[in-house]
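Hello,

Here is the structure you asked for. My notes follow below it.

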Amino acid sequence: AERRELIKKAEIDGLTGLYNASTTRNLITESITHANTNAADALVIVDCDQFKAINDTYGHLEGDKVLVNISKGLAQIFRKTDIIGRIGGDEFCIYLRDIASADFVASKCQQLMTLVQELNLDHHITVSIGISLLSDEKTYDDLFRKADNALYEAKKKGGAQIQFSK
């Protein structure tokens, strides 16, 4: 039991309670390898807009509260079967298996954008989101690159956007 607890702690991000970056990557890699060819999967990357300004203006403890609130929002909006992780300072990743449609993913992301603002009433918080639907990608890196490029496009458009990869 102690060993299982230590393993679990090693897989979890201490601040948010979500999977850490390496565990997220490993679980998504495994899911891509075993993906059902008759179902659709999606990778979503969420990045907090203007997060550095919060840390610089209000301090890192306040920034940490924002990150915890975003993680709470992720856990509320996405399904228990989805892989949700914190992959960087203010960057999160969700892998959704067996989605009904791209519209389903967009709807979940829109719900998240709204909830993030509601959970952070002390600060004007928005997130940018990049989405890639699994098609011919065989690796985490390939799928991540597509979602990351979509995220970059969302940021380029001014943030607070949902962008699908092309």
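First, a term: a residue is buried under 20% relative accessible area, exposed over 50% and partly exposed in between, with a 1.4 Å probe and protein chains only. The model is predicted, so local features need pLDDT of at least 70, side-chain atom pairs count only at pLDDT 80 or more, and totals for chains, interfaces and linings use all residues. Residues are numbered from 1 along each chain as its sequence is written, and side-chain values use heavy atoms, leaving out hydrogens and water.

Overall picture. Of the 166 residues in the protein chain, 45% are buried. The chain has six helices and five strands. These are DSSP runs, numbered from the N terminus: helices are H or I with at least four residues, strands E with at least two. Along the sequence the order is α-α-β-α-α-β-β-α-β-α-β. The radius of gyration is 16 Å, close to the 15 Å of the globule rule for 166 residues, so the chain is as compact as a globular protein of that length. That radius is taken over C-alpha atoms, and the rule is 2.2 Å times the number of residues to the power 0.38. The C-alpha atoms fill a box of roughly 45 × 45 × 25 Å along the principal axes.

One site. Thr-23 sits in helix H2 (residues 21-33). Thr-23 is buried, at 8% relative accessible area. Leaving aside residues up to four places away in sequence, Thr-23 touches Ala-10 and Glu-11; contact means heavy atoms within 4.5 Å. A polar atom of the Thr-23 side chain lies 3.3 Å from the backbone oxygen of Glu-11.

Best regards

Note on methods:
Polar contact = N/O pair within 3.5 Å; in protein donor to acceptor, adjacent residues only side chain to side chain.
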